[in-house]
Structure formats: C-alpha cells, structure tokens
Amino acid sequence: MADNILPIRRLTLYKHGVGYVERAGILPATEAELPLVFRQSEVNDALKSLLVLDEQGGQVRGIHYETPGGNFPDENRLNLSTDHSLLDLLAALRGRAVRLKLGEGTAERDYTGRLIGVEVEPSRPLNRSLLTLLEEIPGQKSNVIVLPLAELRSLFLLEDRAEQDLTYLLDSSRSDEAHRTVTIQLDSNQAGHNLLVSYLVPCPTWRVSYRVLAEIKTPEPATPGQIEDVSGELLLQGWGLFDNRLEEDLENVEVRLVAGQPISFVYDLTTSRIPARPVVADEARIAPGPIMFDEALSDVESTFYNGPVPPPPAAPMMAGMAMRAASVSPSRKQMAQSQPVVAKGSDLGELFQYDVTTPVTVKRGESALVPILNQNLPYRHELLYSSQKMPRHPVANLRFKNETGLVLERGPVTVIEDNQYRGEALIAFTPVGSELFLAFAVELGLQVSEETSSLIETSGIQLDGSLLYFNQITTLKTVYQIENKLAAPRVVTIEQPVRTGYELSPDTLAPVEKTAEFYRWKVPCQPRRNTVFSVQERMFNWRTEQVLQQNYQVLSQYLQKNWLTPASLARLKEVLDEQSQIQQNLQEISRLESERGELYRRQEQLRQNMATLATTGAEAELRRRVFEQLAHSEDRLNGIDQRTAQLKNENQQRQIRLDQMLVNLK
C-alpha cells in the first residue's frame, strides 16, 4: 500500500463514529496526480465528502477510484473460483484462440486452435479430464482433437481481449484488495499545487472521563431554624480520549473533539448497479377471435418532622467517610496547576467543539488522553433519597452547576473528597448552566421506608337534572421513616415525584425545591433516632349518580351532612315517590299479565272437558257448570284488560310528569 503524500494537519472527531480528516501540503509541478489510499470500509464516506482545493489556482480535472472486482460479473467473462481456477479458466475461454503445450522433453507437443471446452471427470478432475480443441491448420480442414488435461503444461492466450479480461480479474482480486486508491487528477501544466484536501472516514467515537477533587469548607455557626448544608469547592477535570485508527502516524496534528449528534449515514457509492428493466418481446399480430366478458361477482421511637428546627452541631464529613488524616495526596490547588488546559470550547449551534490547542502526536494504532477541562466550582454535598432510583437508602451526591463555559459530554467521573476516594459517578450530557448531581456512594447508615395510603371523601353534592354530582377529594398520604443508625446527625433530602392531577395539601410542609417532575424536602435526622416525615397530596374530582337510583333514607343522610337543603330533599322526595308509583303500577301490570295467562290455560282445559261431555243425562249438568266457569273467566279477562289499560295510561301520564320534574331539579 502506498503512503499518502499529503500529511494530516487537522483531525476532527465526532461522537457518532466519524472523523473529518484535513490534509495540506505542496505537490510538485511534476506531479499531476494525488493518490489517496483508503480501507475498503472508508471509501463510501470518503467519496461522498471529498473536498479538494488548490490555493495556487489550479483546477481539479477529475477523481478516479478503483471499482471493486466483481461489480460487473456479466461483462467480465472470467470468473475464477479459488479451488478450481484452471478448470474455470478453460471453461471461460471457450471459443477463444489459444495455443496449448502438452508433454515434456521430446514428447512435447503444441496445438493451436479455438478452445471448445473441457470434459470434467468429477472424481479426479485434473487427472482424467479432457480438453477439446478446434485445431486450425492453414490450408487444411479444421479438426476437433481431444487432449488429456493431465499433460497440459502451458496455455497461451492469442486474443488481446482474453488477455485483458484475465489481467483485469487479477488486478481487481489482488491480495491488497482491503485497500482502495482514490486518485485526484490535477492540472498538468500548473507550477506546483498547494493543496487542501478533506474528507470523512469512519473513526472510533471519542470518549471523555472526569476527575472531581472536592474539599469541604468549615461550616459557619448556623442560625436557629436554619438547615445547614455541607458544601465546599471542587476541581472538575476532564480528559478527552481518542484512538488513532488511521493507517498512518499523527505528527503534530490539530485535534478537535465535537459533542452533539449530527445526522450521519453510510451511502454505498462504490458498488455499481445496473437497474433491472422489463423485457419486451416483439409483438406478434394474430387475428382476433371471439370476445367474451365474465359476469361481475358481488362483493419505629420517632421524631416527627414538620418544619425547620435548630440544627445539630454540623459534622465536617458525611457518613461513611474516613476521618481526615495526614495525607500525601496532592491538594486541589496543586492538581489544578499541574494540569494546564489545552483545549478551548466553541459553540456550533446544535454541536459543541473542544479545540485541542496543543498539536498532538499519536502513533498508528495508539490512543491518547488530552486535558480539555480544569475548572474550580462551588458545590453542595447532599444525601438524596428517591425510591425510584435507590430504594431503602439515600445516596451521597455532589451537586453543582455547570459553570465551566463548556458543554459536558457524557462520561465516567472519579470522586476524590478531602483527599479520599469516595466513589464513582456518571456525568450525563450537560449544557452550560445546567445542574449536575453526582451520585457516588450509597449511605448505608441511614435506612428509609415509605408507605402510601389513600382516602376518598365526599365534600358536597350538586344537583343538576337527573344527575347528582358528588365532589370527591382523593388524599394520598406518604409517610417516610428515616432511621439514622449513625452517631452524628444528618440531613436527608427527600425526593418525591409530582403526580399528575394532584396538589400538595395545605398542611404539608412546602418543598425546598420543585421541578416539573419532583418535589424535594430537607429533613434533619437526629443520631440514633427514627425521624418520621409525611407528605399529603390531594386531587379533586366529580362522581355522578342517577337521581332515580337513590333512596330517601340515603338522601336524608346527605341532608344531615348539609350536602342538600330541605327544599332540594323535598323535590327529590316527590321525584322518588312518582318513580315509586310508576314501579308499583308496573308490578301490578305484571301480576295481571300473569293472571291472564293462567286464565287462558284454564279456559283451554275447560273447553276440552266440555267437548267430552254429553248434552243429556248427568253429563249435561256437568256441561252446564263448565260453561258457567268459562263465562266467569271471560268476565275476569275483560276486567284485566280494562285495569291494564288504565295502569298503562296512568304510567304514561306519570312518566311525563316525572321527566318534567327531573328537568326542573336544581
């Protein structure tokens, strides 16, 4: 693989896996071509982004690159496999003029002609296969001769096209096929070329890691009612890490690291494609026959915390931390002086760029860490409890704002506080001015339990037409019990999610912070004690019931609770009485209908009995008595019909009256 002529002057690395390479240098006047060598996997990105500028005014005449072999299988007749290349070559040369040399020494024979083919013996293809050749001897008739493939020693190609095809095949399938050369054609008559060349190539994403060196300041005496925070100043250091995956060393190269997420994709430009087209045959005209159409088809001792209390003596260190001792560890000031920042930041709209101001040298296949951030910032040390993030125990946090002037990329951070290793955390992508919470250790000396209960109460009723609207209050009460097993007091920040539709009850302590997603309260916890803190939230909603589904006894209870006035209760009683009378009438109609059916069945039985009785003698008297029973039942049926009609008419009038009463209910 040839070395690239122009050196790399600048390399810009992005988080989404590409690098923007910028080369610059002088090309002598004797050179009219600039070859650039790429890995095969880099060619597509290079081709879609390649920019060339000659600062001496020269022009780019063109850009050429190698097409991968096999892109044109239909046009390159020679297509050789790796295990039977000789047989494949002979088969591909069918019809072409060749000269064959068979045998050795005195038995050597030459044959010239057009290759017909090869007869392959599958069991021993190189020993028992046969060649057939159309031998052409001037002045004589052509002969088809059969030759043993095992004796073939040389094969001469007599046609230029066959030689060109074979040469192209070997060039495109050489062992260096993992690399491709893109050649830039320049003015041949130009007196030298001062070139700037840039392009994109796939590169490993650059990473960032952070170190935090924090020092707790001595707290001042607290005033009564004040909750003391443990705070101090920290040094935030950032290191950018990148890899040199390029095929050359980087010597004094300017490096830029870009944060953000631009849109990027791979587009296959190296593969040539011929789209498929329909094959249209010549039309044959035939005399039409009969035309027919088909028919269409259809289709815990506890301390209760409810507000500020005088704080206990402030402890200079948090739970779980070793007592400060003599240390040989460097101070925050020493560390800040020992690591000068070699990067500056610049805002690029949707992106943010770290410019490494000192040129970087990285050997091929090596990686480098460069300091990009070294900033002192004030911070607070908090114990933060959130059941969603760490149940049972609060988490120690360093809390500060990103006032570095730089966008912080996502990366791991090692926390050193008062010259002691405390733990590790993760910095998320953080714009300038945003707040960070570095959760670096779990405080096992404090244990938190929480229990939530709900209560639904009705506060009043509103009457509107046929509906009763019940004003309900749903109260959620969350009780936190914080057991401090330590010998020193602590302040725990309770974080609770904001629930949609709920608000904090007036008797709940106001939170010290509220975001769109969380409330936060600071709760002092005495040593060796259990502190109880509660939060109440409430939600107002309405429940509806039909007036006609009520009963007078329940409505009377609403009157006792002053949810209804006596006048409203009286109107509701009239409605319920009217509804009750309608129901009584319906029940009577149902009884009458049942009686009618029983009478019909009785009449049918009497008629059958009468049909079997004679009209004379003793049976005649029985016949007369049956007839009287039929007449009596018929009279009762008439009475049932009249009463049923009366009840239905009465219910119709009562329903009209009931509907009007419901409309007027307020």
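**Cavity and ring contacts**

Analyst: The second largest cavity has a volume of about 100 Å³. A cavity is a set of points on a 1 Å grid over the protein atoms alone where a 1.4 Å probe fits but cannot get out, and the volume is the space filled by probe spheres set on the points. This is a predicted model, in which local features need pLDDT of at least 70 and side-chain atom pairs pLDDT 80 or more, while totals for chains, interfaces and linings use all residues. Residues are numbered from 1 along each chain, and side-chain values use heavy atoms, without hydrogens and water.

User: Which residues lie nearest the centre of the second largest cavity?

Analyst: Lining residues have an atom within 4 Å of a point. Here there are 13, with Arg-23, Val-37, Glu-42, Tyr-199 and Leu-246 nearest the centre.

User: How is an aromatic pair described?

Analyst: A pair of aromatic rings is described by the distance of the centres and the angle of the planes. Rings of Phe, Tyr and Trp (its six-membered ring) pair if their centres lie within 6.5 Å; planes under 30 degrees apart are stacked, over 60 edge-to-face, and the rest tilted. The count comes to 7 aromatic pairs. Phe-470 and Tyr-558 are edge-to-face, because their centres are 5.6 Å apart and their planes at 75°. Tyr-558 also forms a tilted pair with Trp-563, at 5.7 Å and 35°.

User: Is Trp-563 buried or exposed?

Analyst: Buried means under 20% relative accessible area and exposed over 50%, with partly exposed in between (1.4 Å probe, protein chains only). Trp-563 counts as buried because its relative accessibility is 18%.

How values were computed. 1 Å grid on protein atoms, 1.4 Å probe; cavity = no way out; pocket = protein on both sides within 12 Å on 5 of 7 lines; lining within 4 Å.
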